[in-house]
Amino acid sequence: MKYALGPVLYYWTKADIETFYSAASTGDADVIYLGETVCSKRRALKTGDWLELAAAVARSGKQVVLSTLALIQAPSELTEIKRYLDNGDFLLEANDIGVVQMAAENGLPFVAGPALNCYNAYTLRILHRQGMVRWCMPVELSRDWLQNILLQCEELGFRRQFEVELFSYGHLPLAYSARCFTARSENRSKDECQTCCIQYPQGRQVLSQEQQQVFVLNGIQTQSGYCYNLINELPSMQGLVDVVRLSPQSMETLVMLKHFRANEQGQRPLSLSQNADCNGYWRRVAGLTLVE
């Protein structure tokens, strides 16, 4: 089993990003995803900066994957993605079906990111024929669903031709919108947001009337209020999952990655909190639930 650090979903300063990936490049991850996936207005690092950072991380021996936006809305964004396609060195993660098409037209392999709506083996077969080499399944699917899909892939004769990746730690990206929720929460329009999301390096909490944290606002992205944590579910992934993805929340995610590796066979489980952690989707129950 391999371990991956997904792309940073929040708007961090350039210094914070560089500090994080400097530490990650000598850490326990096998795969490191780089790039902006939420909003093209977040330009602490420009495309050239991401490519330079990718080259630096790759020199540490990690597999580097360049992640792309989950919601493409402008021709300028396509131009930036084309620069990623033309990089010549690194695998691409497609989070928008338009990027899948661009990669296929260029004959390039890609990772199908969790933002793609892929719920059955026939869709997976189409993506595989277009160049998919790894699939990170949508976050709301369960172990049972994954097992059934992979059985269908076996019947269709292509199960062993791609890797399976699972989003296993972090606030889950549940929905995307053309509107910016963080800007609206500050009574700003999206066009005049002043990239206020940089003030919320772990997103902005949304509480219910009962003071339960039900969501986290992150630009155009709505995330789960609780942190998804499948550290104690690793034994149940055996034979199904090839790559375990942790979504960076802070520098502490690198410590959590060590805990994941130590518990791969279930020998060092962690105690989780009913008011902060969840694993419901994997267990096929309500998402905010933590099943012990």
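**Notebook: helix packing and cavities**

I began with helix 3 and helix 4 (residues 97-105), whose axes come within 11 Å and cross at roughly 45°. I'm working from a predicted model, where local features need pLDDT of at least 70 and side-chain atom pairs count only at pLDDT 80 or more, while totals for chains, interfaces and linings use all residues. Residues are numbered from 1 along each chain as its sequence is written, and side-chain values use heavy atoms, with hydrogens and water left out.

My terms: helices (H or I, at least four residues) and strands (E, at least two) are DSSP runs numbered from the N terminus. Axes are lines fitted to C-alpha atoms, for helices over the stretch in contact, with angles from 0 to 180 degrees between N-to-C directions.

**Helix 3 with helix 4**

Helix 3 and helix 4 are therefore oblique to each other; under 35 degrees counts as roughly parallel, over 145 as roughly antiparallel, 65 to 115 as roughly perpendicular and the rest as oblique. I noted a right-handed crossing for this pair (near helix turned clockwise from the far one by less than a right angle; anticlockwise is left-handed). Leu-78, Ile-81, Lys-82 and Leu-85 of helix 3 meet Val-99, Met-102 and Ala-103 of helix 4, contact being heavy atoms within 4.5 Å. By class I get six nonpolar, no polar and one charged (Ala, Val, Leu, Ile, Met, Phe, Trp, Tyr, Cys and Pro are nonpolar, Asp, Glu, Lys and Arg charged, the others, Gly among them, polar).

**Helix 2 with helix 3**

Next I looked up helix 2 (residues 47-58) against helix 3 (residues 75-85): the angle is about 25° and the axes are 10 Å apart. That makes the two roughly parallel. Thr-47, Gly-48, Trp-50 and Leu-51 of helix 2 make the contact with Glu-80, Arg-83 and Tyr-84 of helix 3. This contact has three nonpolar, two polar and two charged residues.

**Cavities**

I counted three cavities of 30 Å³ or more. A cavity is a set of points on a 1 Å grid over the protein atoms alone where a 1.4 Å probe fits but cannot get out, and lining residues have an atom within 4 Å of a point. Points are joined across faces, edges and corners, and volume is the space filled by probe spheres set on them.

Of its 14 lining residues, Pro-7, Leu-9, Thr-37, Pro-114 and Arg-245 are closest to the centre. Strand 7 (residues 163-176) gives the largest share of that lining, three residues.

Definitions and conventions: On a 1 Å grid over the protein atoms alone, a cavity is a set of points where a 1.4 Å probe fits but cannot get out, and a pocket is an open set with protein on both sides within 12 Å along at least five of seven lines; lining residues have an atom within 4 Å of a point.
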